[in-house]
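Please look through the structure shown below, and keep it in view while you read the report that follows.

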Amino acid sequence: MTRTAPPSGRAEESTTAAALHVGTSDIRALITRNLRQSGIYVAFVVIVALFAILTGGVSLSPVNVTNIVLQYSYILVLAIGMVIVIIAGHIDLSVGSVVALTGAISAVLVIGQGLPWWLGVLAALAVGLAVGAWHGFWVAYVGIPAFIVTLAGMLLFRGLTLRVLDNISLSPFPAEYQQIASGFLNGLFGGDGYDVFTLVIGAVGVAGYAVNGFRTRVARITYHQPVESFPLFVARVVLVGAVVMYFAWQLANARGLPVVLIVLGVLVLVYGVVTRRSVFGRQVYAIGGNLAAATLSGVKVRAVNFWIFVNMGLLSGIAGVIYSSRSNGAQPAAGNMFELDAIAAAFIGGAAVTGGVGTVVGAMAGGLIMAVMSNGMQLMGVDQSVQSMVKGFVLLLAVTFDLYNKRRAGAAR
Amino acid sequence: MPDVSVDRILEMHGITKTFPGVTALDDVNLEVRRGEIHAVCGENGAGKSTLMQVLSGVHPAGTYDGEIVFDGTPVRFAGIRDSEHVGIVIIHQELALVPHLSIAENIFLGNERRGRGRLIDWNRTNAEAGRLLAEVGLDENPVTPVGQLGVGKQQLVEIAKALSKDVRLLILDEPTAALNDTDSEHLLDLLRRLKDRGITSIMISHKLGEIVSVADRTTVIRDGHTVETMDMGEPDATQERIIRGMVGRDLDSFYPWRVSAPGEEVLRIEDWTVRHATQDRTVVDGVSLNVRAGEVVGIAGLMGAGRTELAMSVFGRSYGRGISGRLFVRGRPVRARTVAEAIENGIAYATEDRKRYGLNLIDDIRRNVSAAGLRKLARRGWVNGNEEIKVAEESRRTLAIKAPSVMSVVGTLSGGNQQKVVLSKWLFTDPDVLLLDEPTRGIDVGAKYEIYLIVNRLVAAGKAVLVISSELPELLGICDRIYTLSAGRITGELPVAEATQERLMALMTQEKEPVR
């Protein structure tokens with residue numbers, strides 16, 4: 001994980017050897033140490049299992065798993081940016097409108113003007129960045145609360161979308177553009193009825209997880225940090241590996257590896273590292289935790305806030321491309337209420353309303369909980385009105401659970 | 001007191017209160033006589049606040065063992081309303097006033113004066129508020145928003161609010177912690193007047209001088225046990241005895257001894273002038289001073305003299321407008337226009353309000369320690385998390401931060417340990433000069449001593465330290481040299497050998513041009 005030399009003169013090998021037999025097996029201690037995080041994963045597993053039973057296994061079928069990925073990828077992309085915005089103590093209400101605007105710009109260039117598909121993609125990303133810089137300017141340098149700035153942006157960019165599209169829908173996109181959201185990478189390594197390439201990617205992912213996990217473990221032991229026992233570590237890797245390989249198997253048996261899943265996977269990896277390990281990411285947490293203290297610690301608050309919104313704009317642009325590709329066109333009403341889904345994903349995933357707390361992976365789990373629920377209820381033919389109410393309750397419960405945990409942690413000190 | 005009655009208004013017997021894993025109070029006894037001012041002393045975490053929370057019903061009956069007898073009858077409070085009903089009112093350290101509401105509205109909040117149709121009778125509300133304000137000696141219009149008052153006056157509003165509830169036992173948790181000397185004196189006078197009217201007070205305080213001057217009796221608590229209750233009229237009831245009881249040992253002195261060996265000049269400020277951040281006035285006016293390596297220099301000044309404004313404006317212009325003047329670090333002219341530039345140039349500033357400006361309370365020790373020097377732990381923008389833990393562990397060890405691990409959340413630590421985290425953060429930036437603004441505010445005697453030891457270690461290592469403090473004995477105890485600041489101007493500079501509290505106070509209150 002890092003290239004730092006161990007603090008003591010001990011040889012690397014002995015630490016590696018120690019990694020095989022030290023650590024605690026007290027599962028309760030491990031869970032309570034990380035209750036905020038583990039709670040969300042437990043909830044996720046329960047919800048997946050619940051809908052698997054309620055739909056008689058249909059929700060876990062290869063085709064449906066693929067569908068969930070295709071259907072909700074753009075919400076997950078937005079949730080990555082949104083959780084960073086929320087950790088810093090802001091909010092972004094405009095992302096739905098920005099998704100519509102970036103998709104519309106792309107459609108006008110590619111469908112209207114007949115330009116190549118990749119120019120449309122680049123234009124959408126550039127517009128996303130510009131919108132983000134606009135929001136960042138008002139929030140960071142003028143000092144207007146993000147709620148107001150992005151509420152204005154929501155109206156502003158929706159209006160701009162209508163103007164750009166002249167109030168009509170544009171479609172269809174050329175085949176290459178459609179491939180972004182509905183294409184699959186498969187057949188690269190052959191396979192009989194299933195796609196070997198998908199399985200290989202899954203296996204590489206699991207191997208990476210195991211190796212990285214072991215190196216983190218060795219480093220933690222070197223620095224005298226608590227770790228789980230080796231059998232538990234192996235159990236964790238096997239469990240995660242099994243889930244990932246099952247998921248890959250389902251995809252491989254359907255249509256192979258969706259292109260958007262690769263995009264999403266890369267984004268989650270990159271932003272996971274950025275939030276945890278980069279100076280920028282750490283300053284985001286510092287600003288959200290205590291703005292005044294961060295300022296007096298030399299954090300360039302304005303610059304950090306500015307780039308947070310630029311980043312949100314970029315991710316909105318990516319989501320705009322994926323959504324326009326998936327819907328094979330641009331509509332004036334595209335992306336309506338996406339901001340609320342993204343915000344809900346971040347909060348269900350453990351982000352705190354007051355800022356300073358949250359993780360990208362948590363937001364992904366939060367987004368997937370919403371996705372699996374919506375999808376499951378659709379499969380069951382549950383009425384739209386009920387679906388909306390259930391989602392509302394889940395959001396409320398998630399934040400209540402979070403508050404309850406915080407109070408309990410406070411009482412235990 | 002002429003007649004020492006043994007008429008007790010409050011008896012708490014064998015109070016034991018446990019939290020998961022901790023016994024906060026263990027068989028504590030407290031007896032308060034009718035009409036006295038009773039001080040409760042103890043280090044942070046000794047259990048004073050918990051005891052008061054048991055008394056006021058914050059911890060309801062049944063969650064603790066023991067018996068409370070109020071005015072001759074055993075009482076069992078289910079909540080704070082019950083205790084207020086019998087006339088026990090607690091005023092917390094963090095005032096519970098709503099800034100945008102008027103004084104009168106705050107006084108009767110939750111206890112509104114109603115007229116016809118259950119609607120609020122504003123005439124009666126304001127008239128009664130006016131009477132209460134006169135009683136506490138606060139000359140303000142009852143319709144003034146509380147947010148426009150200073151902390152001292154807000155404290156008086158809290159007491160007026162207590163009086164509106166027909167208080168019989170008034171509990172004050174560190175009432176003077178945030179007050180300057182004048183406001184403190186005013187408050188203590190008020191307590192004496194209330195005593196004459198028959199209102200009993202319990203006062204929790206760290207300021208031993210105040211306790212000796214105002215309290216009739218003092219109960220000392222240590223580690224959840226009652227140590228002793230002493231009658232302050234007796235000749236041997238001294239500050240030293242209280243301290244011995246609080247820390248369980250004799251402190252040789254409040255201030256650790258140190259060899260004074262100043263080296264070359266590290267910080268020099270010339271003709272430094274700062275305008276107020278929002279108002280049209282000058283808060284720091286042509287200040288020049290210097291601090292040498294291995295030297296502790298103090299700044300003495302009353303509240304509003306511009307002490308914090310001076311330090312923060314030097315620290316990357318984090319306060320004020322229209323800043324002019326010259327700044328030198330190790331003889332080199334320095335432009336520190338942002339906090340980041342100040343840190344780069346070897347300046348560190350530890351704030352007077354660590355909770356609001358110093359710490360990210362929801363994050364752990366590790367990340368608070370690294371907050372200001374994160375770049376030192378990073379290569380090309382990526383933080384080395386393991387190295388960060390190592391740095392934090394080292395701080396925890398060398399500064400003796402009492403916490404289970406560096407992953408402990410800072411908000412759960414005591415004031416003294418939080419202050420050590422703040423110091424760790426600045427030490428990690430490896431500064432040449434540290435500006436310490438009220439470094440021991442709100443922390444107990446034992447932790448204060450440890451902070452002084454840390455300061456001594458820093459100057460022994462060749463750092464320059466500038467200390468701002470409201471407590472003159474502290475400045476006299478730890479500094480080599482003291483500047484006095486009055487209305488934004490330096491009015492004097494004294495080597496500690498020539499300084500006395502009286503001389504400093506005279507310079508601090510001097511209004512016109514400096515006399516050297």
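## A parallel pair of strands

In this predicted model, in which local features need pLDDT of at least 70, side-chain atom pairs count only at pLDDT 80 or more, and totals for chains, interfaces and linings use all residues, strand β3 (residues 37-41) of chain B and strand β8 (residues 200-204) of chain B run parallel and are joined by four bridges. Residues are numbered from 1 along each chain as its sequence is written, while chains are lettered from A and ligands numbered from 1 in the order in which they are written. Helices (H or I, at least four residues) and strands (E, at least two) are DSSP runs, numbered from the N terminus, and two strands pair if DSSP finds at least two bridges between them. Within this pair, V40(B) has I204(B) of β8(B) opposite to it.

## The sheet and its helices

The two strands belong to an open sheet of six strands in chain B, with the order β6-β7-β8-β3-β9-β10 and with mixed pairing. Because β6 (88-91) and β10 (225-231) of chain B stand at the edges with a single partner strand each, one side of each is left without a neighbour in the sheet. On average, neighbouring strands of this sheet are turned by 15° against each other, direction ignored; in general, axes are lines fitted to C-alpha atoms, for helices over the stretch in contact, and angles run from 0 to 180 degrees between N-to-C directions.

Helix α6 (residues 181-196) of chain B packs on the sheet, where it touches β3, β7 (169-173) and β8 of chain B, and its direction makes about 150° with that of β8(B). Helix α8 (residues 239-247) of chain B lies across β3, β9 (217-222) and β10 of chain B, and runs at about 25° to β9(B).

## A residue in helix α7

E210(B) is found in helix α7 (residues 208-214) of chain B. Is E210(B) buried or partly exposed? With 19 other C-beta atoms within 10 Å, E210(B) is partly exposed, since a residue is buried if 20 or more other C-beta atoms lie within 10 Å of its own, exposed if 12 or fewer, and partly exposed in between, with C-beta atoms placed from the backbone.

Leaving aside neighbours within four places in sequence, E210(B) is in contact (C-beta atoms, placed from the backbone, within 7 Å) with T176(B), S184(B), L188(B) and S205(B). E210(B) and A39(B) are 171 residues apart in sequence, and their C-alpha atoms are 9.7 Å apart in space.

## Chain B as a whole

Chain B has 17 helices and 22 strands. Its radius of gyration, taken over C-alpha atoms, is 25 Å, close to the 24 Å that the globule rule (2.2 Å times the number of residues to the power 0.38) gives for 516 residues, so chain B is as compact as a globular protein of that length. Of the 516 residues of chain B, 47% count as buried.

## Where the chains meet

In the contact between the chains, 31 residues of chain B touch 26 residues of chain A. On the side of chain B, the elements that give two or more residues are α10 (339-344), α11 (354-358), β18 (382-383) and α13 (385-398) of chain B, and α13(B) gives the most, with five residues.

Notes
Two residues are in contact if their C-beta atoms, placed from the backbone, lie within 7 Å.
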